[in-house]
Amino acid sequence: MIALLSIKSINAQKKIYSTKTGTAWFDAGTGMEDITGTNKSMLSAMDASTGDIQFSVIIKGFEFWSALLMEHFNENYMESEKYPKSTFKGKITNMDKVDVTKDGTYPVTVKGTLEIHGVKKEVETKGTLKVKGETIAASSEFVVVLDDYKIAIPSVVKDKLSKTAKIKINCNYTLSK
């Protein structure tokens, strides 16, 4: 009986926020070519009591201005049949500075493991949490080196495709009931 009460107490203290409509955006273009993609169906969850955060993005969910660009992205660069998703699992390291019961904007630092193209790398970036009522808007922007994730750039397009990709993440979390 005591163990059951302890479990209920622990669960009551957790504040889990989630979204099924987070947005992942990237830009890997140069001045010669617009190579941007947007995915508006990112799954993400955040535990406001611990700072644990994770997300998952289906690679084929990225949309582009050109069907040919989308085909090249999925088949040649991201190999989305072989590596169907990208994930992040980490922690907001300064969650103790965020008061989810008080509306406001809070700068945060996020650290964890980003997996792209089957390669896992430790990353750290800055972001913002905007608390309003029972919702939290999270945003972050960072740069990844494509070669670090074994994403090859063919020599024929080396001037059109950047060696890095700027990534933006935006999530509007709601409190899970």
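I take helices (H or I, at least four residues) and strands (E, at least two) as DSSP runs, numbered from the N terminus.

**Ground rules**

This is a predicted model, so I noted that local features need pLDDT of at least 70, that side-chain atom pairs count only at pLDDT 80 or more, and that totals for chains, interfaces and linings use all residues. Residues are numbered from 1 along each chain as its sequence is written, and side-chain values use heavy atoms, with hydrogens and water left out.

**Entry 1: the barrel**

I looked up the overall strand order. I found 8 strands that close into a barrel, in the order E1-E2-E3-E4-E5-E6-E7-E8. Their pairing is antiparallel. Two strands pair if DSSP finds at least two bridges between them. On average, neighbouring strands of this sheet are turned by 25 degrees against each other, direction ignored. For such angles, axes are lines fitted to C-alpha atoms, for helices over the stretch in contact, and the angles run from 0 to 180 degrees between N-to-C directions.

**Entry 2**

I followed the bridges strand by strand. Strand E2 (residues 36-47) is joined to strand E3 (residues 52-58) by 4 bridges, and the two run antiparallel. Here I noted serine 44, whose bridge partner in E3 is phenylalanine 55.

Next I went from E3 to strand E4 (residues 85-92). This antiparallel pair has 7 bridges. Isoleucine 58 has lysine 85 of E4 as its bridge partner.

Then I checked E4 against strand E5 (residues 104-116). They pair in the antiparallel sense over 6 bridges. Phenylalanine 88 stands opposite leucine 114 in E5.

**Entry 2: salt bridges**

How many salt bridges does a search of the whole structure find? I got 3. A salt bridge here is a side-chain nitrogen of Lys or Arg within 4 Å of a carboxyl oxygen of Asp or Glu. For exposure I used relative accessible area: buried means under 20%, exposed over 50%, and partly exposed in between (1.4 Å probe, protein chains only).

I began with aspartate 52 and lysine 91, whose side chains meet at 2.9 Å, N to O. Aspartate 52 lies in strand E3 and lysine 91 in strand E4, so this pair ties together parts that are 39 residues apart in sequence. Aspartate 52 is partly exposed at 36% relative accessibility. Lysine 91 is partly exposed too, at 35%.

I turned to glutamate 81 and lysine 60. Their closest N and O atoms are 2.2 Å apart. Glutamate 81 is exposed, at 65%. Lysine 60 is partly exposed, at 47%.

I ended with glutamate 141 and lysine 168, with 4.0 Å between the closest N and O atoms. Glutamate 141 belongs to strand E7 (residues 135-145) and lysine 168 to strand E8 (residues 161-175), so the pair ties together parts that are 27 residues apart in sequence. Both are partly exposed: glutamate 141 at 42%, lysine 168 at 30%.

**Entry 3: helix H2**

Which residues of H2 are buried? I listed Leu69, Phe73, Asn74 and Tyr77. They cover an arc of only 125 degrees around the axis, which puts them on the same side of H2. The arc is that of the directions from the helix axis to the C-beta atoms. An α-helix has 3.6 residues a turn, so residues three or four places apart point the same way.

I checked the face turned away from the buried side. It carries the exposed residues Ala67, Leu68 and Glu75. The cover over the buried residues of H2 includes strand E1 (16-29) and E8. Contact means heavy atoms within 4.5 Å.

I then looked at both ends. At the start of H2, a side-chain oxygen of serine 66 reaches to within 3.2 Å of the backbone nitrogen of leucine 68. H2 is followed by glutamate 79, whose phi is positive, near 45 degrees.

I picked asparagine 74 in helix H2. It is buried, with a relative accessible area of 11%. Asparagine 74 touches Ile59, Lys60, Glu79 and Ser80, not counting residues up to four places away in sequence.

I also picked valine 110, which lies in strand E5. Valine 110 is buried, at 13%. Leaving out residues up to four places away in sequence, valine 110 touches residues including Ile53, Phe88 and Lys91.

Notes: A polar contact is a pair of N or O atoms within 3.5 Å; within protein, one must be able to donate a hydrogen and the other to accept it, and residues adjacent in sequence count only if both atoms are side-chain atoms.
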